[in-house]
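Morning, everyone. Please have a look at the sequence and the model on the screen, and then I'll walk you through them.

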Amino acid sequence: MLTIRNLSATVQDTPVLKGISLEVKAGEVHAIMGPNGSGKSTLGKVLAGHPSYEVTEGEAIFQGKNLFDMEADERARQGLFLGFQYPIEVPGVSNSQFLRMAYNKRAEALGQDELDPLEFQDFIHTKTSLVGMNESFLDRSVNEGFSGGEKKRNEILQMAVLNPVLAILDETDSGLDIDALRIVGSAITQLRRSDNATILITHYQRLLDHVTPDFVHVLQGGRIIKSGGPELAVRLEKEGYDWLLEEINL
Amino acid sequence: MTQDLSTLTSQTYKYGFVTDIESESVAAGLSEDVIRLISAKKKEPEWLLTWRLKAYRHWLTMTEPKWAHVHYTKPNYNEIVYYSAPKPKQAKYASMDEVDPELLRTFEKLGVPIHEQATLAGVAVDIVFDSVSVTTTYKDRLAKEGIIFCSFSEAVQEHPELIKKYLGTVVPPSDNFFAALNSAVFTDGSFVFIPKGVKCPMDLSTYFRINNKESGQFERTLIVAEEEASVSYLEGCTAPQFDTNQLHAAVVELVALDRADIKYSTVQNWYSGNEQGVGGIFNFVTKRGLCKGVKSKISWTQVETGSAITWKYPSCILLGDESVGEFYSVALTNHFQQADTGTKMIHLGQNTKSTIISKGIAAGKSSNAYRGLVRVSPKAKGARNFSQCDSMLIGSLCSASTFPYLEIKNTSAKVEHEATTSKIGEDQIFYLQQRGINPEEAISMIINGFCKEVFRELPMEFAVEATKLLSLKLENSVG
């Protein structure tokens with residue numbers, strides 16, 4: 001589904017990704033971990049097409065097409081979803097208006113029917129319950145005045161609405177209390193299917209208690225320095241990254 | 001950064017064409033003779049000529065104001081044509097059939113409903129082309145309700161007592177430099193009179209068009225709503241694309257008696273000059289409403305998108321007890337446009353209330369200033385004001401300023417002022433893009449969200465028009 005080959009990228013001429021290769025197949029969940037500043041969030045933004053980053057080398061083939069040949073909005077319409085670490089506020093634009101527009105963009109790309117506001121109302125109802133979100137949030141401006149946890153839940157709601165082929169969730173677990181973490185974790189698990197895939201970018205093991213990854217990758221200095229199974233995340237949580245860095249230096 | 005927020009390319013101004021029409025103009029320049037000529041052409045009564053000349057003599061003693069946050073080369077007032085009119089086949093159009101077809105096509109092209117049968121349901125229109133009113137639709141139907149809606153010149157002929165009673169009572173000729181100039185040379189405009197107890201059954205509208213290259217436009221609008229009357233009035237304007245600046249110095253006066261309600265909405269789209277800041281309209285306008293009666297209400301809503309320079313402060317004088325003044329404004333500037341706009345809320349009566357919502361959007365190298373005064377006089381017990389002034393910047397070469405003035409002379413007053421400045425950034429656009437929305441739609445969505453509190457005050461068709469207009473004006477501004 002996604003094949004990243006030797007990907008390098010810079011931000012303002014500073015190299016931040018230095019030759020990343022990764023293969024994600026349908027039905028898989030990958031966790032990307034690593035210390036602060038290792039390039040985890042950057043990887044998500046580069047794949048999604050954030051304008052601040054420049055791809056200097058490599059390719060990312062997503063469903064047979066190179067992502068880097070597409071604009072950010074086209075990548076999204078093709079089924080790539082990025083859950084933001086810091087979701088952006090859009091004052092005056094209601095959440096439901098925004099969600100419907102996004103939904104219809106994706107529907108159009110899939111050759112499906114667009115939903116009018118009434119149809120969308122019925123559709124969204126099934127999704128808000130999945131993330132345990134009060135429907136009053138739909139009438140509020142996008143992320144405006146939302147708490148950190150509410151913003152994150154709103155990201156998962158968007159993911160549920162857009163039904164992506166590949167979801168990259170950037171530190172979706174940060175800022176969530178235990179109950180919210182459980183709800184978000186179970187929502188991600190419920191959205192998991194054999195024909196989609198998820199990349200979880202996270203600092204901690206705690207989200208992985210709710211969503212079991214098939215693979216865990218550790219990023220350091222813009223490179224993947226180790227890949228393994230779920231047990232790798234458990235060990236990192238217990239012992240930190242130092243042992244791993246030492247192992248690499250050996 | 002791979003995308004540069006300050007990259008600006010051309011925007012299209014689809015109203016920039018010139019109508020090739022035979023017109024009758026007086027020679028450029030201003031003198032008592034020119035004023036006498038204008039007055040004579042309009043067959044005005046002696047008192048009005050005297051009024052004009054008095055204003056002119058006062059104007060000669062005045063200097064152009066310099067306090068606004070705008071920079072421009074002062075117009076040469078002797079190079080302006082003060083009277084230009086499309087030449088009619090007869091002295092006055094008896095019916096639409098006599099109007100030059102070229103002129104009709106002009107308004108069709110502008111999307112202005114000039115034929116009653118083709119109009120949007122429920123909007124009556126007065127059409128002003130350069131210095132004169134061309135036609136007014138639905139006049140007869142409105143007359144049945146006792147409503148007078150006609151060109152200003154016609155009102156002078158047919159309702160001189162009303163004009164004499166109200167003209168200059170809200171904006172006296174000596175008020176300011178441009179108001180004095182307008183009082184001396186105004187050529188046409190609209191007059192609205194809603195008699196006691198009548199709710200105007202349709203929106204009234206005037207469409208202003210400047211066509212002549214050298215002409216200035218000096219129109220005068222007067223709206224009077226008697227006790228318990230109410231009216232919603234819309235104003236639209238465009239001008240052709242010329243590389244010289246043209247002066248538009250209008251005066252609008254509103255009078256609301258006891259429990260009367262006047263809602264005045266403007267979508268201003270005068271030509272703003274090209275990307276290098278050459279040409280465009282100088283929009284120096286005085287608009288003021290007098291809430292004369294108890295519980296009267298005047299509400300201004302403006303969407304200012306055009307003009308090279310906008311200098312405009314639609315204001316309310318809250319004289320009647322419990323009267324209400326409102327000002328809702330969106331001012332958008334791009335390229336080299338400059339806007340210094342805002343309002344004045346003068347609280348004189350008791351328990352008067354005012355609301356100010358101002359949204360300034362600056363893109364390109366433009367400058368966008370809000371300037372507003374809230375004055376509570378010593379006698380205005382229980383006055384309340386709420387002001388909110390938000391600015392949004394697109395790119396890094398533009399500027400937004402806020403100049404709030406508060407003069408509170410009564411301790412029982414409650415005055416609140418909130419101000420914010422935000423930046424449309426690539427992060428906001430990227431967020432929407434990541435949800436499949438293309439950048440143009442993303443910008444339009446962000447801007448419309450930002451302006452929502454103002455747009456919801458506009459009549460439906462105007463709101464749709466305003467939304468489209470803002471998107472058009474900002475095309476290619478970001479990314």
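What share of the contacts in chain A with a separation of 6 or more comes from residues 24 or more positions apart? It is 68%. Contact here means heavy atoms within 4.5 Å.

Some ground rules. This is a predicted model, where local features need pLDDT of at least 70, side-chain atom pairs count only at pLDDT 80 or more, and totals for chains, interfaces and linings use all residues. Residues are numbered from 1 along each chain as its sequence is written, chains are lettered from A and ligands numbered from 1 in the order in which they are written, and side-chain values use heavy atoms, with hydrogens and water left out.

Chain A, then. It has 8 helices and 12 strands. Both are DSSP runs, numbered from the N terminus: helices are H or I with at least four residues, strands are E with at least two. The C-alpha atoms of chain A fill a box of roughly 60 × 40 × 35 Å along the principal axes. The radius of gyration of chain A is 18 Å, which agrees with the value near 18 Å for a compact globule of 250 residues. That radius is taken over C-alpha atoms, and the globule rule is 2.2 Å times the number of residues to the power 0.38.

Next, burial. In chain A, 54% of the 250 residues count as buried. Buried means under 20% relative accessible area, exposed means over 50%, and partly exposed is in between, with a 1.4 Å probe and protein chains only. One example is Asn154(A), in helix H5 (residues 148–162) of chain A. Asn154(A) has 0% relative accessibility, so it counts as buried. Leaving aside neighbours within four places in sequence, it is in contact with Asn95(A), Met133(A), Asn143(A) and Phe146(A).

On to chain B. Its secondary structure comes to 11 helices and 23 strands. Of its 479 residues, 63% count as buried. Residues 24 or more positions apart supply 83% of its contacts with a separation of 6 or more. Take Glu154(B), in helix H5 (residues 152–158) of chain B. Its relative accessibility is 12%, so it counts as buried. Glu154(B) and Glu416(B) are 262 residues apart in sequence and 44 Å apart in space, C-alpha to C-alpha.

Now the rings. How many aromatic pairs does the structure hold over all chains? There are 26. Rings of Phe, Tyr and Trp (its six-membered ring) pair if their centres lie within 6.5 Å; planes under 30 degrees apart count as stacked, over 60 as edge-to-face, and the rest as tilted. Trp67(B) and Trp311(B) form a tilted pair, 5.5 Å centre to centre with 35° between the planes. This pair links distant parts of the chain, 244 residues apart: Trp67(B) is in the loop between helix H2 (46–60) and strand S2 (84–86), and Trp311(B) is in strand S15 (residues 309–312), all in chain B. Trp67(B) is partly exposed at 48% relative accessibility, while Trp311(B) is buried at 6%.

Here is another pair. Tyr77(B) and Phe177(B) have ring centres 5.6 Å apart and planes at 70°, so the pair is edge-to-face. Tyr77(B) is in the loop between H2 and S2 of chain B, and Phe177(B), 100 residues apart from it, is in helix H7 (residues 177–185). Both are buried. Ring pairs link these residues into a cluster whose members include Trp67(B), Tyr77(B), Phe177(B) and Trp311(B).
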